[in-house]
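These are my notebook entries on a structure that I had not examined before. I set down what I looked up, in the order in which I looked.

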Amino acid sequence: MTTIKSLDDLRKIKSSVQSKLALRERSDHPDQLVQVRVAMATCGIASGAKIVMDYMMVELEKRNIESIVTQTGCMGYCYAEPTIEVTVPGKDPIVFGYVDTKKADQIIEKYIKNGELVEGIIPVNYESIDEK
Amino acid sequence: MKDLSLHILDIAQNSISAGAGQVEITIEEQPSENLYSLSISDDGKGMDEEMRNKVTDPFFTTRTSRKVGMGIPLLKLNAERTGGSFEIDSKKGNGTLIKATFVFNHIDRLPEGDLAGTIVMMASANPSIQFIYTHRTPAGKYTFDSREVQEVLGEIPISELSIYPYLKEMINENLKDIRIH
């Protein structure tokens, strides 16, 4: 594959991305996508949140899981960073703590794909930062 | 923070929280002056004088979820540790500019880290915000503008995950051309 360097190169790969997107059924309904929010405040970033977010963005795409990955502020669990909030359609959001790429892999394979819980869940009546 | 890209991610998060519509990240490498500067400016809600004076204090934060705010103090520390300087310019309602200047050849100047990943990650996670990243070195200049990229992508949202590696590659390829060290 050719290297992408200019905006023109980007234009060229557009059609291949578009045809891939056309195969997806749910892209128009964000509430039906898996949503991953990575806590990206100083505490999170210093503990490796960027690596986790990068991993999630690359791996969810590779494993063909339709999802949105966004960032959020500090959720107040600085001791357990990096933390991520995962919302599987139809379920309540779950916050996982101490996430590294290995744990992220488990979260994708076990929780997102099969609904099995994995260790490291932060058991709280969780409110996201936006609701505070 | 292990590298500069992490500081950028961290400080830009303040801009996002301040409701910015545009965030400009500029890196200027000036080995002839022995300076390396990073500035982050936004059109967010800005700060009044009292707050501006307090933000470099690690025991000040705007959030309610914890009592410390280390983002700005850590960047200031890392800049000053090299013999460089740190400034904040902000007015209530008028956005904020943060500039950290490092001494170029100082051993404690942080490595750049994954600049491309940081920029694309922010653009992807915050599609409604325009991120303009400019990197200048004696060998040239590169600008990445997330709005321009979105225009090229058309109906494919910049937040689409399959676009992420392409955009990262695009920035990295261009940075390679202007790399001086």
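Entry 1: I began with B:Thr137, which stands opposite B:Gly140 in strand E6 (residues 140-145) of chain B. I took strands (E, at least two residues) and helices (H or I, at least four) as DSSP runs, numbered from the N terminus. Strand E5 (residues 130-137) of chain B and E6(B) form a hairpin with two residues between them. E5(B) and E6(B) pair in the antiparallel sense over six bridges; I count two strands as paired if DSSP finds at least two bridges between them. I then looked up the pairing of E5(B) with strand E1 (residues 22-30) of chain B, which is parallel and has seven bridges. Here B:Glu28 stands opposite B:Arg136 in E5(B).

**Entry 2: basis of the notes.** The model is predicted, and I noted that local features need pLDDT of at least 70, that side-chain atom pairs count only at pLDDT 80 or more, and that totals for chains, interfaces and linings use all residues. Residues are numbered from 1 along each chain as its sequence is written, while chains are lettered from A and ligands numbered from 1 in the order in which they are written.

**Entry 3: chain B as a whole.** I found six helices and six strands in chain B. From the N terminus on, they run α-β-β-α-α-β-β-α-β-β-α-α. The radius of gyration of chain B (taken over C-alpha atoms) is 16 Å, close to the 16 Å of the globule rule for 181 residues, so chain B is as compact as a globular protein of that length. The rule is 2.2 Å times the number of residues to the power 0.38. Along the principal axes, the C-alpha atoms of chain B fill a box of roughly 45 × 40 × 25 Å. Of the 181 residues in chain B, 42% are buried. A residue is buried if 20 or more other C-beta atoms, placed from the backbone, lie within 10 Å of its own, exposed if 12 or fewer do, and partly exposed in between.

**Entry 4: where chains A and B meet.** I count two residues as in contact if their C-beta atoms, placed from the backbone, lie within 7 Å. The contact takes 35 residues from chain A and 34 residues from chain B. On the side of chain B that touches chain A, the largest share, seven residues, comes from H6(B), which is helix 164-178. By class, this side of chain B has 17 nonpolar, eleven polar and six charged residues. Ala, Val, Leu, Ile, Met, Phe, Trp, Tyr, Cys and Pro count as nonpolar, Asp, Glu, Lys and Arg as charged, and the others, Gly among them, as polar.

Entry 5: Which value of phi does B:Asn34 have? I found it near 60 degrees, a positive value in a residue other than glycine. Most residues other than glycine have a negative phi. B:Asn34 is in the loop between E1 and strand E2 (35-42) of chain B, and counts as partly exposed with 13 C-beta neighbours inside 10 Å. Phi of A:Asn64 is also near 60 degrees. A:Asn64 lies in the loop between helix H3 (49-62) and E2 of chain A, and with 10 C-beta neighbours inside 10 Å it counts as exposed.

Entry 6: A:Pro82 lies in the loop between strand E2 (67-72) and strand E3 (84-87) of chain A.
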